[in-house]
Amino acid sequence: MANNTQVSIPLLVCRRVMLLILLIGVWGAHPAKADEALTAVTLQLRWHHQFQFAGYYAAKQQGFYREAGFDVTILNGRPGREPVSEVLAGRAQFGVANGELLHQRLKGQPLVALAAIFQHSASVLVSKQSAGIRTPHDLIGRKVMLISQGADVGLVAMLENEGVDISRIDVIKSSYDINDLIEDRVDAFNSYLTNEPYYLAQRQIPISVIHPASYGVDFYSDILFTTEAALGAMPDGVRRFREASLRGWEYAMAHPEEVIELIIAEYNDAKSREHLRYEAERMRSLILPELIEMGHMNPGRWAHMADTFVAQGMALPGYDLSGFIFDADPRVDLDQWRRMVGGLGGSLMLLVAVALVLWFYNRRLRAAIDYGRQVQNKLRNQTARFEAIFQSTPDATVIGDLERNIIMCNPAFGQIFGYRPEEVIGRSSGILYMRSEDFNEQGELRFYPGAKTRLLPYELDYRRKGGEPFPGQSMGGPIINKDNDTIGYILVVRDVTEQKKSEQAIVRMALTDSLTGLANRHQFNITLQEQIKRSARQPLRFSLLLMDLDLFKEVNDHYGHPAGDELLRRVGLALRGIFRETDLIARIGGDEFAVLMLDQASPQDIRQLGERVINSLAQPTVIDGHSVQVGVSIGAATFPADSTDEAALYRMADRALYASKEQGRNRLTLACEALAVDTES
């Protein structure tokens, strides 16, 4: 009877577990129908509505949340309303956070990470190049804006990692206003790679960026999370919410233009389309949707992040991350009770045998065995952690011997450089570089010349397997053992081709007239200033032509602004066909154009080109079925004959332009001719 009773208890538990699994399966297998009540939940974002949260907007717009059984309210963040606090207080069921999520978990908060959207953190410190801030040590004694040490844990960990005492920095609570940096009220500003650099690039302000990843601190970012209480109350619901969110992210990264229009239409985002496109493009290098499964989380990397906090005194050792990383596919072992019962007798016998064996050994031997086991476990854990980080990092990572021959490379190396491991192992790492002059006489990279130095970040041109060059953001240096001996070298390379293209595109947008594709007034003024400064080093002769379309206002009034815009585009094309490639053509106002003839040109050359412009624009052109005709008045001034001062040269050309208008329009007047007319009058 006693035996039957012992067996019936686990059998009863098994039946109940199986029934519970059946009920969960039935609930989870059928998403909410249109006529069923939806569960209302709130998702708290980190900041204002922008492309940074595109996946959640897409999940709602495409009906993924509704299919999963949820009516989701998406709240934007703001100062004083932070996701971790809102979710812990129960005002939101889900949130989006950065490294502070893990930091709060290590401090005992019941938080659960569901998915890491950004595989690399976008949090950086931005400063003007003129401030001379290049490394974390340059921040000492400077005014630096941070949200808080809790919200900017990645930046704080970087400072600690570099031995920079944060008390020696004048930390100012972030105003969230980049103008504080632009107007020099602070020296460095907490920023997101996808956001603030765009504003600075638009204003042509050269910047320096301090990225924690360059100093060994590369955290997950924009992490979808909830609490243990919410997970316990609706485990299958949390799984469905996570899956719907990741579907939304996959859709958003595949259809960025569609989601950009959704953000502008539905979420009243103040950013321009160009800014949202810039944000979407920069996010690709952080999310890596083509390389890594959306929402991927590596337990080894979470442990590495936790170790970083412990090493910097921001968390206590002996932490336990069990329950923090959400298991999207838990498996229930229905045989565990049978295994437990079947192995009970053997386990008891084994315990007795072990106890008898241990009894014959003295305490010193037991201590030695325990110590050896601890060392072995620590080595095994460290090896597993290194292997997980090495294999999963999206940056190409190469380890070489003392002669810099390649002995190890990770999967990302093959994806970036195009080589299979067997093609490069044993070969010199010099095959990866574009230029031999990047090395000194000893074959060492000039960026880290000495064997006893830490890793240093730098940028270099690399080449792929087929010889194609590409820019790389790199970090490399020697590997030092505990005896301070160099045992090899490590190189980490991030392909920044798309980042460079985005930066160049932003510069082009800032210097180009969007309607005609010609230079804008800003670029024109910069070029004019450079030409005049260059004259201090060598004698120059160049000419400035100002043009104003005659009767353009009548075109707008009679046929509308679209017709006027088309006419301006055609004028731009005509000017390109007349002037030389060495000349700079710009649209500097509504119907005002300017040309810098940078090669030495005689008055006869100027007059000949001016006549070609007048004759070309005098020809009627058909726009939307209407015959349109305008004229052009031109004024020209030459450096240094007419003036050597920028403002005076501009005034001389402008005076010549108005002389053309006063003399009947549709003509060219040289500055010297206008001056003669003024003198006679």
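Two strands count as paired if DSSP finds at least two bridges between them. Strands themselves are DSSP runs of E, at least two residues long, numbered from the N terminus. Keep in mind that this is a predicted model.

Start with the layout. Five strands form an open sheet with mixed pairing, in the order β17-β18-β16-β21-β22. The edges are β17 (584–587) and β22 (668–670), each of which pairs on one side only. On average, neighbouring strands are turned by 15° against each other, direction ignored.

Now move to β18, residues 592–597. It pairs with β16 (residues 542–550) in the antiparallel sense, over six bridges. In one of these pairings, Glu 592 of β18 is the bridge partner of Asp 548.

Helix α19 (residues 521–534) touches β16, β17, β18 and β21 (631–639). Its direction makes about 30° with that of β18. Helix α23 (residues 646–662) touches β16, β21 and β22. The direction of α23 makes about 150° with that of β21.

Return to β18 and look at its link with β17. A hairpin of four residues joins β17 to β18. The two strands run antiparallel, with four bridges between them. Here Arg 587 has Phe 593 of β18 as its bridge partner.

Why is β18 largely enclosed by the rest of the structure? Buried means under 20% relative accessible area. Five of the six residues of β18 are buried, so the strand is largely enclosed.

Note on methods: Residues numbered from 1 in each chain as written. Predicted model: local features only at pLDDT ≥ 70, side-chain atom pairs only at ≥ 80, totals over all residues. Heavy atoms only, no water. Axes fitted to C-alpha atoms, helices over the stretch in contact; angles between N-to-C directions. Contact = heavy atoms within 4.5 Å. Buried < 20%, exposed > 50% of the residue type's maximum accessible area, 1.4 Å probe, protein only.
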